[in-house]
Amino acid sequence: MRRRILLLITLLLVAVALSLLLGRYPSPGLMSLSTIEADPLAKALVLNLRLPRILTAVLLGMALAGSGTVFQTIFSNPLIEPGFLGVSQGAAFGAAFCI
């Protein structure tokens, strides 16, 4: 039951973020689906730019929450953080190496 509530809240937040069209470019407040369907630029903006960003942010947040839960479960410590095992330092090294 708890998972269903969390999933429902997540989907609701995604829908609100998508319907408000919050982003870098200003929009005239709430836009209906018919407005988005009628305007090809708005449709391209929502489907090609904003929707992938929203979904990526949701999936990344879920992955980070899951990894934090795994760390806390393995070490039986609710205050554990990624710097404990050098995960943050490894990520910084990988980013610097790619750059």
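Analyst: Buried residues make up 10% of the 99 residues in this predicted protein, where buried means under 20% relative accessible area, exposed over 50% and partly exposed in between (1.4 Å probe, protein chains only). The protein exposes about 8,100 Å², and carbon and sulfur atoms supply 72% of that area; accessible areas come from the Shrake-Rupley method with a 1.4 Å probe, and for residues only the protein chains shown count as cover.

The model is predicted, with local features needing pLDDT of at least 70 and side-chain atom pairs counting only at pLDDT 80 or more, while totals for chains, interfaces and linings use all residues. Residues are numbered from 1 along each chain as its sequence is written, and side-chain values use heavy atoms, with hydrogens and water left out.

The protein has four helices and zero strands, in the order α-α-α-α along the sequence. Helices (H or I, at least four residues) and strands (E, at least two) are DSSP runs, numbered from the N terminus. The average pLDDT, the predictor's confidence in each residue from 0 to 100, is 80, and 84% of the residues score at least 70.

The patch itself consists of Val70, Ile74, Phe75, Phe84, Leu85 and Val87, which together have about 560 Å² of accessible area. Patches are made of residues with over 30% relative accessible area and no salt bridge; like charges are joined within 9 Å, and nonpolar side chains (Val, Leu, Ile, Met, Phe, Trp, Tyr) within 5 Å. A salt bridge is a side-chain nitrogen of Lys or Arg within 4 Å of a carboxyl oxygen of Asp or Glu. Helix α3 (residues 40-75) gives the patch its largest share, three residues. Phe84 lies in the loop between α3 and α4 (87-98).

That loop also holds Ser76, whose phi is near 50°, a positive value in a residue other than glycine. Most residues other than glycine have a negative phi. Ser76 is exposed, because its relative accessible area is 64%.

Further back in helix α3 is Pro52. Pro52 counts as partly exposed because its relative accessible area is 34%. Leaving aside residues up to four places away in sequence, Pro52 touches Val46 and Leu47, contact meaning heavy atoms within 4.5 Å.

Rings of Phe, Tyr and Trp (its six-membered ring) pair if their centres lie within 6.5 Å; planes under 30 degrees apart count as stacked, over 60 as edge-to-face and the rest as tilted. The count comes to two aromatic pairs. Phe93 and Phe97 have ring centres 6.1 Å apart and planes at 25°, so they are stacked. Both are exposed, and about one helical turn separates Phe93 from Phe97 because they are four residues apart in α4.
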